[in-house]
Amino acid sequence: MKKIAFGFIATAGAIALLSSTMTGCTNNAAPAGTVASDAPAAAAGAVVFFDLDRILNEYDMANDLRSVAETKINSINQEVNRRGTKLEKDIQAFQDKINKGLMTQSVAEIQSRKLQEQQNSFQQYAAQKQQEIAEEQQVMMNQIADAIKTFVDEFNAEKGYAMILTTQGGILPAPVVTADPSLDITDKLLEGLNAAYVKSKAANKD
């Protein structure tokens, strides 16, 4: 029997789209120059800074939101992988029957069209789930950023600093390359952020 040429696109490519891990801060090592909590406090009117990597790693709300988002994303990935694996098995079984001459040309053409439709449907599904993952991550980061910004505004309304800068990793963390340790308010922000989060969770339970 004449073999039929097939144009199936590998499902592994679509599955790979969903293998991305959570973006954000997963480096738990303490940054160089971590300031002790008993460092002298900066005076009102000073320009101060905080370590954003530490905030994202040690802020309880950020860790809780990441955990929830990771659970959702893992569930999505498992379902996509399950569907992709089944489709690959169906394609392989079909190809084996073709190679062994176990179906007529007309039946093979019909099944080939059905498998191609399933392939297209799966790719659309995988793309949709990839979009859901991106949205889940973006919403999570927006929630964290909003909570930090809101708290920093309230914090500075009390402290009266002239400016609050942030630094994030790297050999030369921008925009703060070096500074007086007394201007680092990371510990104070973490203490306040986590205390406010504990109060917020307790209030939501009532």
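In this predicted model, the second largest pocket holds about 160 Å³ of space. Its lining consists of R82, R83, K86, L87, D90, Q118, S121, F122 and Y125. Sorted by class, the lining of this pocket comprises four charged, three nonpolar and two polar residues. Helix 3, covering residues 60-100, and helix 4 each contribute at least two residues to the lining. The largest share comes from helix 3, which supplies five residues.

Helix 4 can next be considered along its length. After helix 4 comes G160, which has a positive phi near 70°.

The confidence of the prediction remains to be considered. Across the protein the mean pLDDT is 84, with 80% of the residues at 70 or more. Residues 1-10, however, have pLDDT under 50 throughout, and the model gives this stretch 23 contacts beyond four places in sequence. Residues 17-37 likewise have pLDDT below 50, and the model shows 33 contacts for this stretch beyond near neighbours in sequence. Where pLDDT is low, predicted coordinates should not be read in detail. The contacts modelled for residues 1-10 and for residues 17-37 call for that caution.

Methods:
Residues numbered from 1 in each chain as written. Predicted model: local features only at pLDDT ≥ 70, side-chain atom pairs only at ≥ 80, totals over all residues. Heavy atoms only, no water. pLDDT = per-residue confidence, 0-100. Contact = heavy atoms within 4.5 Å. Helix = DSSP H or I, 4+ residues; strand = E, 2+ residues; numbered from the N terminus. 1 Å grid on protein atoms, 1.4 Å probe; cavity = no way out; pocket = protein on both sides within 12 Å on 5 of 7 lines; lining within 4 Å. Points joined across faces, edges and corners; volume = space filled by probe spheres on them. Nonpolar A, V, L, I, M, F, W, Y, C, P; charged D, E, K, R; others polar.
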